[in-house]
There are 2 protein chains.
Amino acid sequence: MTPVRRTPGRRPGGPDTRGEIVQAARESFADKGFEATSMRAVARQAGVDAALVHHYFDSKDELFIEALALPVDPRMIAARIVDGPRDEIGRRIATAFLGIWESAEGQQRMRALFRSVLSSDEVARMMREGITQMIVVPVSQMLAVPDARLRVGLVATQLVGAAIVRYLVGLEPIASVDVETLIDRLAPVLQQHLTG
Amino acid sequence: MTPVRRTPGRRPGGPDTRGEIVQAARESFADKGFEATSMRAVARQAGVDAALVHHYFDSKDELFIEALALPVDPRMIAARIVDGPRDEIGRRIATAFLGIWESAEGQQRMRALFRSVLSSDEVARMMREGITQMIVVPVSQMLAVPDARLRVGLVATQLVGAAIVRYLVGLEPIASVDVETLIDRLAPVLQQHLTG
């Protein structure tokens, strides 16, 4: 394998090439962090031409989403959060976030993600940096309120806690209350965190 | 060891007796749950006289606190929550909860507790039941509002999330904001969950 992998300009089609790029990206995100990782460095680490990385992935964000097996694109979540009436932002966030968890596949992937973030400092660091760059920074900029990053962080605390208590720990009645009720209760609190 | 352990009426003083009772309690909480565990059953499982369990522990609650190595007595937290002006309950909760985490020893024990709850379904079940009996039920009764248990559960989501984001994941700026600011931000939201 090694001579093949190291050939610059290798064309797409190798059965593992994409997987090797993702693996190299995962290592780079873990070792150097999100900001210091570049498409070029990932290509070097995978032993492939940078063009090949671009062939499979449009951006570093996409590599990150794939490397962490995120169930959704955080940029889509960020866009959905800021798009719409400002006084309904809390409800949009609650609906989007719980919507992921309420689907069987989403829940399975979110569970796996949460467990690995909570059991591995390395994964936690990756997530922290990736979420900061892809959600916290853009949403904070678009919010244009004082303490925007603190506010977005507070939203994260409420969402993370709701997910853990409902889906991972199963504390009643949070675990079995219908999702609409939960959204109704979380929406004003998220709104308060963001614009209160 | 076995013949000694099985002798009914054994007196206190055996070097491991207390630890054996705690171990038996932990197994019983895990196997049968909090409600179905009794002091008598723990004594039986530890192979000691029930009086000996009562010699070391005043109640099942205390056995639970010890079995899970809780950093604080949840009943004390529950009492502190309900004692005082109703419109400051959110602030009292935030102050009490973050106070535990802000001490070095408290943080170490809470970290260990959170990690084991999140990585073991058995520990999660124990915690869920113990916290329900020792905090959710009494606080709900004292609140005397509709949906009291749902409200207490929502408070749990916000607290759990704040702790995880600040102390376990370390997402900025939540991780390094001063604790007073965090209390100021969480207090109205907790109040909203409980009485809003």
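What follows is a short exchange about the interface in a predicted model of chains A and B.

Colleague: How much area is buried between chain B and chain A?
Modeller: Happy to start there! Buried area is the accessible area (1.4 Å probe) that two parts lose on being put together, summed over both. Carbon and sulfur atoms give 70% of it, and the total is about 3200 Å².

Colleague: Which residues of chain B lose the most area to chain A?
Modeller: Three residues together make up 20% of what that side buries. They are B:L118, B:L150 and B:R185.

Colleague: Which residue of chain A meets B:R185 in a salt bridge?
Modeller: A salt bridge here is a side-chain nitrogen of Lys or Arg within 4 Å of a carboxyl oxygen of Asp or Glu. The count between the two chains is four. For B:R185 the N to O distance is 2.6 Å, and the partner is A:D147.

Colleague: Where in chain A does pLDDT stay under 50?
Modeller: Good thing to check: pLDDT is the predictor's confidence in each residue, from 0 to 100. Chain A has a mean of 87, with 93% of its residues at 70 or more. Where pLDDT is low, the predicted coordinates should not be read in detail. The stretch in question is residues 1-11 of chain A.

A note on conventions: residues are numbered from 1 along each chain as its sequence is written, and chains are lettered from A and ligands numbered from 1 in the order in which they are written. Local features need pLDDT of at least 70, side-chain atom pairs count only at pLDDT 80 or more, totals for chains, interfaces and linings use all residues, and side-chain values use heavy atoms, with hydrogens and water left out.

Conventions:
Contact means heavy atoms within 4.5 Å.
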